[in-house]
Amino acid sequence: MSLVVGLDVGTQGVKLVVLDATLRRIVATHGQPLQLLSASDGSREQRAEWWTAAIASCFAALDPALRARITAIGVSGQQHGFVPLDSVGRVLAPAKLWCDTSTQAECEQIMAAAGGPARCIELAGNPILAGYTASKLPWTRRHRPAVYDQLATILLPHDYVNFWLTGERWMEWGDASGTGWMDVRRRSWSTQMLAATDPDRDLATCLPPVIAANASFPVAPDIASELGLPQGVRVSAGGGDNMMSAIGTGNVASGVLTMSLGTSGTLFACVDRPLIDGEGRWAAFCSSTGGWLPLICTMNCTVATEKVANAFGFGIRDGDAVMSETRPGADGLVMLPFFNGERTPDLPRARASIHGLDFDNFTRGNAYRAAMEGATYALRNGFEALRAAGPAFTSIRLTGGGSRSATWRQMAADVFELPVEVPAQAEGAAFGAALQALWATATSGSQEDLIGLVRDQVRMEAGLGATPDGRAAAAYREAYGRFLHLLEIEAGAANPQFS
């Protein structure tokens with residue numbers, strides 16, 4: 001029987017899952033860690049060859065008998081990255097990533113050229129935030145002029161992996177909507193935003209065709225041989241990691257809210273129309289399945305808990321035990337977990353801070369809980385704006401590394417005051433990429449087929465759900481109020497005109 005592969009090229013590593021759709025079961029999983037190049041100016045970069053080497057290692061670890069049955073591959077990738085290619089397809093520089101905040105000046109420059117943040121939202125649906133692809137182009141022009149001069153094609157991380165696999169250059173609407181150049185209302189490039197980014201060249205010539213969500217292309221023969229795959233394996237359109245996580249958690253129709261607790265924190269929902277906020281409080285993205293995917297993204301989620309765990313000398317697997325003697329609200333400790341600056345709210349120059357310390361409450365358990373609570377409160381803050389726009393939700397589907405913590409699952413239920421479900425497949429992005437590949441190659445590619453496929457394949461993990469506890473929810477409401485007060489002070493310090 002045939003198998004499909006889902007790849008997720010994330011910030012911390014590459015993950016590969018192999019799905020047997022007939023058995024409705026993941027039959028193999030492999031992963032490889034990735035390095036991250038960091039600098040004090042906020043730069044966060046990776047080399048594209050690290051991604052492909054890690055993918056090759058994952059395929060090499062697969063049993064040859066499984067490789068021989070693979071018929072399709074779907075690729076998920078971290079959003080917003082900037083992969084510059086020359087005219088023959090060579091990568092010209094390390095890829096600047098979604099978590100790169102070194103381009104804040106360029107964000108402001110682009111928005112000023114377009115007529116301000118509100119005008120950017122009118123033109124394309126989104127302001128230009130730190131981390132978005134658009135700001136990385138003028139940064140490259142200023143800091144890597146030789147790369148800018150040779151630039152022929154701009155790809156996103158998952159686009160580059162698709163290019164490596166197939167030899168074809170393309171984008172799809174979901175990931176492309178995170179560049180800052182896509183008019184998400186009309187699903188077309190905004191000529192005004194492209195011109196505001198670079199008035200001296202036609203950037204549209206650097207952007208590859210945007211293909212349909214259910215399209216697919218064959219793996220290049222030499223890459224198939226290198227990876228030990230049969231000739232004729234197809235590669236689906238793929239998408240950004242959030243778009244693929246939507247598929248992998250069953251979020252392909254209205255009413256479902258997915259929360260991903262990874263390096264970044266995200267909340268997103270599938271809707272059938274563009275959902276755009278005039279204040280830019282959420283990202284108005286397209287989905288990778290033909291609809292739209294309004295998304296809240298915070299830049300500091302598990303990174304906050306990992307930083308605290310490392311500082312106190314314990315592993316994150318021990319985090320729940322470390323917190324066992326603590327209570328909701330962390331005995332008054334509140335953390336603003338902005339280790340990477342922040343996107344929601346838009347505070348790229350913010351730094352992490354901890355408040356409310358006294359002689360008794362400064363313990364490693366409370367510090368770890370304050371980091372977890374702060375990351376969760378940041379997502380709640382964005383959720384309130386999204387919910388006020390109209391979408392209604394009856395539960396949260398929780399994914400990402402943080403979902404492995406029973407304490408965090410219960411905290412999410414209590415802070416959001418909604419039941420929490422946990423999909424059986426923990427690797428939501430890779431699993432979603434595999435499902436997209438199955439949809440594109442083994443069905444007619446209709447929306448009805450996708451909904452039916454997801455209903456059949458996505459299951460919730462019995463025993464891992466959580467329901468809100470009234471007493472804990474009340475304690476969190478009080479602590480959340482303290483968080484919002486501190487956030488208002490932080491925002492006022494960063495933007496004196498709003499204080």
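Let me begin with a pair of strands: E19, which covers residues 283-286, pairs with strand E20 in the antiparallel sense, and the pairing runs over four bridges. Before I go further, please keep in mind that what we are looking at is a predicted model.

Within that pairing, Ala-283 is the residue that stands opposite Leu-295 in E20. The two strands, E19 and E20, form a hairpin with five residues between them, and in the turn you will find Gly-290, which has a positive phi of about 105 degrees.

E20 has another partner to look at, strand E18, made of residues 265-269, and here too the pairing is antiparallel and extends over four bridges. If you look for Leu-295 again, you will see that Phe-268 stands opposite this residue of E20.

Now, how many of the residues of strand E20 are buried? Seven of the seven residues, 292-298, are buried, so the strand is largely enclosed by the rest of the structure.

Let us move to strand E1, residues 3-9, where Gly-6 lies. Is Gly-6 buried or exposed? Gly-6 counts as buried, because its relative accessibility is 0%, and the cut-off for buried is under 20%. Setting aside neighbours within four places in sequence, Gly-6 is in contact with several residues, including Lys-15, Leu-16 and Val-17, and also Gly-74, Ala-430, Ala-433 and Ala-434. From Gly-6 to Pro-218 the distance is 15 Å, C-alpha to C-alpha, although 212 residues separate them in sequence.

Another buried residue is Gln-46, whose relative accessible area is 0%, and which is found in strand E5, residues 44-46. A polar atom of the Gln-46 side chain lies 2.9 Å from the backbone oxygen of Gln-35. Not counting residues up to four places away in sequence, Gln-46 touches a number of others, among them Gly-10, Thr-11, Trp-51, Gln-78 and Pro-94.

Finally, we turn to the surface, where Phe-312, Ile-354, Leu-357 and Phe-362 form a nonpolar patch that has about 340 Å² of accessible area together. Phe-312 belongs to helix H12, residues 302-312, and it counts as partly exposed because its relative accessibility is 34%, a value to be read against the limits of under 20% for buried and over 50% for exposed.

Note on methods
Residues are numbered from 1 along each chain as its sequence is written. This is a predicted model: local features need pLDDT of at least 70, side-chain atom pairs count only at pLDDT 80 or more; totals for chains, interfaces and linings use all residues. Side-chain values use heavy atoms; hydrogens and water are left out. Buried means under 20% relative accessible area, exposed over 50%, partly exposed in between (1.4 Å probe, protein chains only). Two strands pair if DSSP finds at least two bridges between them. Contact means heavy atoms within 4.5 Å. Patches are made of residues with over 30% relative accessible area and no salt bridge: like charges are joined within 9 Å, nonpolar side chains (Val, Leu, Ile, Met, Phe, Trp, Tyr) within 5 Å. Accessible areas come from the Shrake-Rupley method with a 1.4 Å probe; for residues, only the protein chains shown count as cover. A salt bridge is a side-chain nitrogen of Lys or Arg within 4 Å of a carboxyl oxygen of Asp or Glu. A polar contact is a pair of N or O atoms within 3.5 Å; within protein, one must be able to donate a hydrogen and the other to accept it, and residues adjacent in sequence count only if both atoms are side-chain atoms.
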